[in-house]
There are 2 protein chains.
Amino acid sequence: MNPRPESDTVAVLGPGLLGGSLAMALADRSVKVRIWGRRTSVVEELDRRCPKAFASTDLAAAVSGANVVVLCTPIGAMAEITSRILPHLKDGAVVTDVGSVKAPVVTRLEPIIGSAAHFVGSHPMAGGDQAGIEHARADLFRDAACIVTPSPRSNPAAVQRVTTFWASLGCRLFQLAPDAHDRAMALVSHLPHLAAAALVHAAARADAAALDLAGPGFRDSTRIAMGSAEMWDEILRENGTAMTDAIRALRSELDAVQSALSRGESLTAFLADARATRLRLRR
Amino acid sequence: MNPRPESDTVAVLGPGLLGGSLAMALADRSVKVRIWGRRTSVVEELDRRCPKAFASTDLAAAVSGANVVVLCTPIGAMAEITSRILPHLKDGAVVTDVGSVKAPVVTRLEPIIGSAAHFVGSHPMAGGDQAGIEHARADLFRDAACIVTPSPRSNPAAVQRVTTFWASLGCRLFQLAPDAHDRAMALVSHLPHLAAAALVHAAARADAAALDLAGPGFRDSTRIAMGSAEMWDEILRENGTAMTDAIRALRSELDAVQSALSRGESLTAFLADARATRLRLRR
């Protein structure tokens, strides 16, 4: 793989945490960046943070001349924006997105783009609990896992182009079919988010004063509950089928512990296995 | 409150992460420290890490002359150790412990100590996922919540002595009855631990390869699953009744989400409320 982002003009549509960070990372690498934001205030903020990029509230102007277009808006806005940029896309342009759920995005955007350009979904697993351009940083993607999700309809060169694009920003690349991606994310991203919110609610409803006693363990395990409610509502619902299975899997673990406790059985093996698995992950 | 630990001789029984850190913190404050460890190798490690302290494998020698004794062993070992130190305790000595579950400890140790000395339970919420003297550090207790758990039988001066003791190490002090402590910990400490282990198992059983994709969110929310399996087995089982209620509370939150998802209802309010509650905690 030989990343050559220098030859690209990249349009970043939606300057939130991911889009803003992407624009900054690309500008740092001397890639020509064109950014679209819906609000004038955000475009002005971009001009301050990323002065080398062209920023505009005009969608046609932003995608003009771009050979890579990255959709960084909420998932629900992607179809409409794709329809609007279609007449302005450069021949052979590659369109990708950063959405956290892939099957619905790929299913909706592929038919819209058709043969006008190439669409390949991707999901750089970067972000955090603080959204918005004000938390953007050029190194957000460094060392992040990024999953490219081609479909049977994907153009192989476009898949490679998207892969190379994220690799050039320091991501560790993976490739999965869209629905396999969504099932995996339900387990390692969306379910933990839901569990974090559920832990906060369980404690707050049963004994709000107990929260004053929360230590580093509770804070770590519920940190992701500070993410945007609107964004996570969209993710959890778009990934509803896989989430139903994931919630069932978590409940089944809790039920097993509950019945072990009620029978006075040891939990050491359950805890030791989880510990060993967790230790194998990067800290 | 006027902390004067300088006038104390403190015996620390059990030099793990908490006991070792406690000995180091006290020695830094020029408090006379006497440490007991079961194994010669640990006592030798203590001599290296905390040369100002007296360290021994002889329990009677360790408590000799101490006016504060802190049990830092696993909960299950505390009754036997208390019986063994009883003949060697100084008149009016105050005995406390650092166990994560308090009602069983208080119920067992109060009758053993009787009027020979004063027992008051306490729980400094310090620690982490890495146990053992090799991770001990003198600032472990700084800014940690510490809950003192007097019973109706507690001597008020001893309660105050224990409170002052932890305050002198930089803890933020709380006071709760032992069973109220245990219910609160079930919610903000023990349930999150269990949920972390359950999340690891749920992902590993359904799709072990998904763990390769785990990002910072999964790592944060499962970090505490790296704690000692034996120690947490003991904690969860000693706090079995409160844990049963806490698991039920978590399940009820998950069920509510599950049925909202199946009806296509928004989760925004659920997530926004959890976010607002979590934001009020210290980061």
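**A walk through a two-chain model**

Let's begin with the inside of chain A: of its 283 residues, 54% are buried (20 or more other C-beta atoms within 10 Å of a residue's own, with C-beta atoms placed from the backbone; 12 or fewer counts as exposed, and in between as partly exposed). Please keep in mind that this is a predicted model, in which local features need pLDDT of at least 70 and side-chain atom pairs count only at pLDDT 80 or more, while totals for chains, interfaces and linings use all residues. Residues are numbered from 1 along each chain as its sequence is written, and chains are lettered from A and ligands numbered from 1 in the order in which they are written.

Chain A has 11 helices and nine strands, taken as DSSP runs numbered from the N terminus (helices are H or I of at least four residues, strands E of at least two). Its radius of gyration is 21 Å, close to the 19 Å of the globule rule for 283 residues, so chain A is as compact as a globular protein of that length (the radius is taken over C-alpha atoms, and the rule is 2.2 Å times the number of residues to the power 0.38).

Now find strand β4 of chain A, residues 68-71. In a regular strand the side chains alternate between the two faces of the sheet. Here both faces are covered: A:Val68 and A:Val70 are buried on one side, A:Val69 and A:Leu71 on the other. β4(A) pairs in the parallel sense with strand β1 (residues 9-13) over four bridges, where pairing takes at least two DSSP bridges, and A:Val70 is the bridge partner of A:Val12. β4(A) also pairs in the parallel sense with β5(A) (residues 94-97), again over four bridges.

Next, look at helix α10 of chain A (residues 240-262). At 1.5 Å a residue, its 23 residues should span 33 Å, and its end C-alpha atoms are 32 Å apart, which agrees (the expected span is 1.5 Å times one less than the number of residues). Among its buried residues are A:Met243, A:Ile247 and A:Leu250. The buried residues of α10(A) pack against α7, α9 and α11 of chain A, and also against α7 and α10 of chain B (a contact means C-beta atoms, placed from the backbone, within 7 Å).

That brings us to the second chain.

Definitions and conventions: Two residues are in contact if their C-beta atoms, placed from the backbone, lie within 7 Å.
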